[in-house]
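Please keep the sequence and the 3D view open as you read.

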Amino acid sequence: AYPIIGHSYLLGGDPAKFFEFISTGAKAMVTELKEQIAVIWLGPVPVIVVCHPAAAEVILRSSKHMEKSYLYEFLKPWLGTGLLTSGGEKWKQRRRLITPSFHFNILQDFLEVMNEQSATMIRTLEGKRTAGSAINVGKAITMCALDIICETAMGQTVNAQENDDSDYVKSLYRISELIQLRQKTPTLWWDAAFSRMKVGKEQESLLRTLHGFTRDVIIERAKTKDSKSVETTRQAAFNITNGSDKLNKNQRDLFQNPKRLAFLDVLLHAETEDGKTLSLNDIQEEVDTFMFEGHDTTAAAMTWAIYALGRHPEIQQKVHEELDSVFGAITNAQLQKLSYLERVIKESLRMFPSVPMFARVLSEDCKLGGYSVPKGTQAIIFGYTIHHHPGIWEDEERFEPDRFLAENCVGRHPYAYIPFSAGPRNCIGQKFAMMEEKVVLCHLLRRYSVISHDKEEDLLINADLILRSSTPLNITLKPR
Ligand code: HEM
């Protein structure tokens, strides 16, 4: 590392090169030096990179090291201090309040949306496909995931699959690029200077579009909530938190009402312990957070799963056999039976975790990998390297879904597999994500066989916020 700029000269340039640098460096460190942690310098700031489950456990399991690192500051102009970026008491209260929205009963209601949007995706793909040639399946999957999250989080359709040219959709992607740019470029860190720069002004304009859109949706949705639905939603959320899975007639009506329930409705009706409802700003930061966390992550995961299946015809064959019993709109009972597809998704998230790293700031001194690390240190949990750790995973570069058969998980370190992070600050959307992946992949793979043309050794992986291929993956769809 150089003085002052540290390793950041590596960060500014090509993101794929940076990922290669950090992932091969980390792998060499764990195999040759047998270390659990390393240090990189982001400008003048030393950051610990955690590459072993034992060290990850020290941070993730504890209720102490819950604060997010400085790198999350750049998300705040967009996401405010929603669940992902908040800390302390605010985070605790919000997490308690939002957890019921991800209850099984509510997720079940989203199955219909997932089925409908997947059907649209198949229609769109059919229109784009020409026999024998490769197409950008990842793009179609991403637009489908975006339509699903818009409808489930906000109760609003943006029809991204039919119109990816909307201002909201364009702004969503551009702002993610700007956030990544800032995280990697210490000269853009100072707010006062950034806001005067061209990129700072561009960010302001994107934020006006993004916030304006979600704010309008929230206001519209709030107008339609009547007192009966307020009471029943609150009661349902109460029952759910108290472990009662049985909804009464009114609650069932609400959950299945023609105007489908969205996460937003649960937020509009939520009450804190001291009887306060959430303000418009409070709700907005949570809705924006769902929009950010809730679609690129699942889209990347599904695209990698398709890629992996396209490289392993024998595994794809087994998925097809399992899917041959599933027809029409997919029901929850059918989803439960798709155990091989579930293992494929899990293995794909091991090889290609959508969120390959996430970061905390240590709230007290602690011991990591045999070293004393002082309070205040920034720590990146490098899930990607933990998932490819040769001391933990046998033949770690091989795609093998049966690693996740119950009997093969016995004795594995509980923090060896952390695509959704782990511990009290894990991903709240994990069940939603698994359900969406299963439904969308089921629709796609029932209809097509997939062939991936890019070899593993030729992949150029870019891991800014989300792990994806730097260039669109070339995949051919063959009707079955
Ligand atoms: C395959 C899909 C997904 C993956 C791999 C994933 C992964 C993760 C990870 C690693 C974290 C921890 C981040 C950190 O500590 O900074 C996280 C947090 C979070 N995720 Fe997900 N996620 C996925 C899907 C979703 C979905 C669909 C939603 C919402 C609908 C969601 C909402 C959130 C939220 C709100 C947090 C913050 C939780 C908190 O701090 O309490 N995620 N996710």
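A salt bridge here is a side-chain nitrogen of Lys or Arg within 4 Å of a carboxyl oxygen of Asp or Glu. Before we use that, two notes on the source: this is a predicted model, in which local features need pLDDT of at least 70 and side-chain atom pairs count only at pLDDT 80 or more, while totals for chains, interfaces and linings use all residues. Residues are numbered from 1 along each chain as its sequence is written, and side-chain values use heavy atoms, with hydrogens and water left out.

Side chains of opposite charge can pair when their charged atoms come close. The structure holds 24 salt bridges, and one of them joins Arg343 to Asp402, at 3.0 Å from N to O. Arg343 lies in helix α18 (residues 339–351) and Asp402 in the loop between α19 (383–387) and α20, so this pair ties together parts that are 59 residues apart in sequence. Helices (H or I, at least four residues) and strands (E, at least two) are DSSP runs, numbered from the N terminus. Arg343 is buried, with a relative accessible area of 16%; buried means under 20%, exposed over 50%, and partly exposed in between (1.4 Å probe, protein chains only).

Next, find Arg311, which forms a salt bridge with Glu456, with the closest N and O atoms 3.2 Å apart. This pair links distant parts of the chain, 145 residues apart: Arg311 sits in helix α15 (residues 296–311), and Glu456 in the loop between β7 (448–452) and β8 (461–463). Arg311 is partly exposed at 25% relative accessibility, and Glu456 is partly exposed at 36%.

Now look at Asp191 and Arg182, whose closest N and O atoms are 2.8 Å apart in their salt bridge.

The only protein donor of the ligand's iron atom is Cys427, through SG at 2.3 Å. Donors are N, O and S atoms within 2.8 Å of the metal (3.2 Å for Na, K and Ca); water is not among the atoms, so sites may look incomplete. Cys427 is found in the loop between α20 (406–409) and α21 (430–447), and it counts as partly exposed at 28% relative accessibility. Leaving aside neighbours within four places in sequence, Cys427 is in contact (heavy atoms within 4.5 Å) with Arg95 and Phe420.
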